[in-house]
Amino acid sequence: MLFYDVFEEIINNQVSKIESNFKEFYTKDEALHDLRVAIRRLLSYFLVFKKYLNTDTQLLNTLKFFLKSSNMARDTQILIEKINQLDIFENDLKELKTYLEKEYGIQKSNFYNILSLSFDDFLIKINQTIVQKSYRKDGFFDFKFETIAFLSLNAQAKKIKKIKPAKKNLHKLRIEYKKYRYILEILQKTQVQNQKIQERLIQLRQLQDKLGYVQDLSVHIEYLKSLKTILPDSINAIEALIETFKSNLKQKRKKVIFLLSFLRFFEINWGEHA
């Protein structure tokens, strides 16, 4: 298939998911998560294939703004889920849980309101882009999707290799590996029988889970520190929770840095040999 035919199909798919999850924002439990995933994927597709597209900067900035506006609500939601798994702290953390649940409701509502203000304009803009095919760039009309996908994988792999696996770079690596995975997932649909791609996708998803867990813990620790003055009656429980998260973070981060170092030197040719 030609690149632009596949590209139009994948962005149509993500726009449809964004629209449906926006409509079901308060009726579907995972609507916030699914909405963020669809927004992030759409943005990533425009970024990883940027060389072959006429990119609308305003559209990309809108997608980035949507994601940024939803971060706090999603982080709080994940923190609540983690606390619910800690039976040992159940009694001591009741006040904190009550506070977080209230904050989550406010943050979720704020994000929905922000989204509502510009959502119609966003849909008009993205649908115009699709219908008018204004994203198509001279010189690439006859290129096959597989050709551009492999070129983009190579470019993304080189970008990843330049980032040293270190504590300060983990979030950045998480984002770049995610982009790599998104390209590979689309490629898998055009090469269903490619066992090597399927195996690498499994590896990447496992890596993504580990990086996500480390990032979540880092964010939770900083957020909990800010709550000690807001919830003084729960300060001992909050400090105990912070120490639990810190201990877990130290172990997980060490393991994921080792894994990233391995991938950097032994698997960076993924794009070339997928």
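Predicted model: local features only at pLDDT ≥ 70, side-chain atom pairs only at ≥ 80, totals over all residues.
1. A residue is called buried when its relative accessible area is under 20%, exposed when that area is over 50%, and partly exposed in between. Asn127 has a relative accessible area of 33%, so Asn127 counts as partly exposed. Asn127 belongs to helix α4.

2. The overall architecture may be described next. The secondary structure of the protein consists of nine helices and zero strands. Along the principal axes, the C-alpha atoms occupy a box of roughly 65 × 45 × 30 Å.

3. On overall dimensions, a compact globule of 274 residues would have a radius of gyration near 19 Å, and the protein has 21 Å, which agrees. Buried residues account for 46% of the 274 residues. Contacts between residues at least 6 apart in sequence were also examined: 79% of them join residues at least 24 apart.

4. Which residues of the largest nonpolar core touch the most other members? They are Phe3, Phe7, Phe46, Phe49, Leu96, Phe122 and Leu224, within a core of 82 residues. Helices α1 (3-23), α2 (31-48), α3 (57-84), α4 (94-132), α5 (145-161), α6 (170-190), α7 (195-227) and α8 (235-266) each supply at least two residues of this core. Helix α4 contributes the most, with eleven residues.

5. Phe49 illustrates how this core is joined. Setting aside residues up to four places away in sequence, Phe49 touches Phe3, Phe7, Ile10, Phe145, Ile148, Ala149, Ser152, Ile183 and Ile186. Two of these partners, Phe3 and Phe7, are themselves listed with Phe49 among the core residues that touch the most other members.

6. Helix α2 holds Ala38. Is Ala38 buried or exposed? Its relative accessible area is 2%, which is under the 20% limit, so Ala38 is buried. Not counting residues up to four places away in sequence, Ala38 touches Gln14, Lys17 and Ile18. The separation from Ile18 is 20 residues in sequence and 5.7 Å in space, taken from C-alpha to C-alpha.

7. Glu8 lies in helix α1. With a relative accessible area of 17%, Glu8 is buried, because this value is under 20%. The side chains of Glu8 and Lys133 are joined by a polar contact of 2.8 Å. Beyond its neighbours up to four places away in sequence, Glu8 touches Ile130, Lys133, Tyr135 and Arg136.

8. Lys133, the polar partner of Glu8, is located in the loop between α4 and α5. At 34% relative accessibility, Lys133 counts as partly exposed, because the value falls between 20% and 50%. Lys133 follows α4, and its phi is near 55 degrees, a positive value in a residue other than glycine. Most residues other than glycine have a negative phi.

9. Helix α4 deserves a check of its length. At 1.5 Å a residue, its 39 residues should span 57 Å; the end C-alpha atoms are 54 Å apart, which agrees. The helix also bends, by about 50 degrees, at Ser118.

10. The same check can be applied to helix α3. Its 28 residues should span 40 Å at 1.5 Å a residue, and its end C-alpha atoms are 41 Å apart, which agrees. A bend of about 40 degrees occurs in α3 at Asn71. What caps the N-terminal end of α3? Asp56 does: one of its side-chain oxygens lies 3.0 Å from the backbone nitrogen of Gln58.

11. Ser69 is also found in α3. Its relative accessible area is 18%, so Ser69 counts as buried under the 20% limit. Apart from neighbours within four places in sequence, Ser69 is in contact with Phe111 and Ile114.

How values were computed. Residues numbered from 1 in each chain as written. Heavy atoms only, no water. Core = buried A, V, L, I, M, F, W, Y, C linked by side-chain atoms within 4.5 Å. Buried < 20%, exposed > 50% of the residue type's maximum accessible area, 1.4 Å probe, protein only. Helix = DSSP H or I, 4+ residues; strand = E, 2+ residues; numbered from the N terminus. Contact = heavy atoms within 4.5 Å. Expected span 1.5 Å × (residues − 1). Bend = angle between axes of the 7 residues up to and from the residue. Polar contact = N/O pair within 3.5 Å; in protein donor to acceptor, adjacent residues only side chain to side chain. Rg over C-alpha atoms; globule rule 2.2 N^0.38 Å.
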